[in-house]
Amino acid sequence: MSPIYPRDGLNAHPLNASPEYKSTLKRAPSQPLILLPHTLSETSGPVFGHVAVQAGDSDLTRQHEGEPLGERIIVFGRVLDEDGRPVPHTLIEIWQANAAGRYVHVRDQHPAPLDPNFTGAGRVVTDAEGRYRFTTVKPGAYPWRNHHNAWRPAHIHFSLFGPSFLSRVITQMYFPGDPLFPFDPIFQTVTDEKARNRLISRFDLATTEPEWALGYQFDIVLRGRNATPIEEPHDD
């Protein structure tokens with residue numbers, strides 16, 4: 001099997017083994033995958049997590065008593081198929097670092113402050129038009145020790161679940177104009193420039209709420225020529 005992620009025959013998705021992204025060399029398969037037949041439990045429900053989603057889960061700035069530190073932003077968009085049709089009832093989960101570039105995770109021990117009013121995780125289900133919307137704070141860059149002076153650009157992780165456990169995709173959303181793009185091996189694993197640009201959100205003044213939050217649009221296309229690049233579930 002090719003090391004290229006086999007989706008729609010496109011080479012726009014990241015390689016499973018990318019030498020500059022060093023930890024992929026330990027996790028990428030070295031032998032052809034063994035394909036097992038799917039059972040009913042894998043191809044049907046229950047759909048993970050949809051029924052437990054609450055209205056406030058999409059506002060990461062209101063999950064604690066106090067206000068989180070950082071620049072408030074609104075992240076919105078649509079989930080679409082290869083023909084531009086909306087994909088409704090899709091569970092979207094996001095996770096991110098805080099404004100100082102630190103995750104609420106035991107493995108993240110770099111010397112940036114934790115924010116007691118920011119957990120960095122939220123979820124929402126797309127509406128009938130495939131639309132979603134999150135309110136959060138803009139994450140900071142953080143060091144990740146892949147190479148000397150390695151820093152990850154500001155980004156938000158997205159996980160999308162469809163009608164079964166097998167229909168999950170993971171991607172990352174970046175912010176326009178980040179100076180760390182050329183130096184980030186994860187971003188650069190997408191070698192097709194047009195596909196790479198589909199990982200970058202678009203600033204949207206119309207969504208910006210005066211004196212409150214800036215707006216960024218990030219549409220996710222699941223398949224086809226204009227598909228959003230997806231990734232294997234790496235940790236970084």
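**Entry 1: cavities.** The model is a predicted one. I took up the second largest cavity, with a volume of about 40 Å³. I listed its lining as V169, T171, I220, V221, L222, T228 and I230. Two elements, β8 (168-174) and β11 (220-221), each give two or more residues to that lining. By class I get 5 nonpolar residues, 2 polar ones and no charged ones around the second largest cavity.

**Entry 2: the whole chain.** I noted 4 helices and 11 strands in the protein. Of its 236 residues, 46% are buried. I then looked up the contacts between residues at least 6 apart in sequence, and 70% of these join residues at least 24 apart. For the accessible surface I have about 13100 Å², with 57% of that belonging to carbon and sulfur atoms.

**Entry 3: F187.** I find F187 in helix α3, which covers residues 185-188. Leaving out residues up to four places away in sequence, I list R152, Y174, F181, R196, L199 and I200 as the residues F187 touches. I also checked F187 against P14: the two are 173 residues apart in sequence, yet their C-alpha atoms are 8.8 Å apart in space.

**Entry 4: positive phi.** I keep in mind that most residues other than glycine have a negative phi. I noted two residues against that background. H89 is not a glycine, and its phi is positive, near 55°. H89 sits in the loop between β1 (72-80) and β2 (91-95). N149, also no glycine, has a positive phi of about 55°. The loop that holds N149 runs between β5 (142-143) and β6 (151-152). I then looked up accessibility for both. H89 is exposed because its relative accessible area is 54%, and N149 is exposed at 57%; the cut-off for exposed is over 50%.

**Entry 5: the annotated segment.** I looked up what UniProt records for residues 75-103. The unreviewed entry places the feature "domain: Intradiol ring-cleavage dioxygenases" there. I computed the make-up of this stretch as 0% helix and 38% strand. Between the C-alpha atoms at the ends of residues 75-103 I have 19 Å.

Note on methods. Residues numbered from 1 in each chain as written. Predicted model: local features only at pLDDT ≥ 70, side-chain atom pairs only at ≥ 80, totals over all residues. Heavy atoms only, no water. Buried < 20%, exposed > 50% of the residue type's maximum accessible area, 1.4 Å probe, protein only. Contact = heavy atoms within 4.5 Å. Areas by Shrake-Rupley, 256 points an atom, 1.4 Å probe, with all protein chains shown as cover. 1 Å grid on protein atoms, 1.4 Å probe; cavity = no way out; pocket = protein on both sides within 12 Å on 5 of 7 lines; lining within 4 Å. Points joined across faces, edges and corners; volume = space filled by probe spheres on them. Nonpolar A, V, L, I, M, F, W, Y, C, P; charged D, E, K, R; others polar. UniProt positions renumbered as here; feature names shortened; annotations may be inferred.
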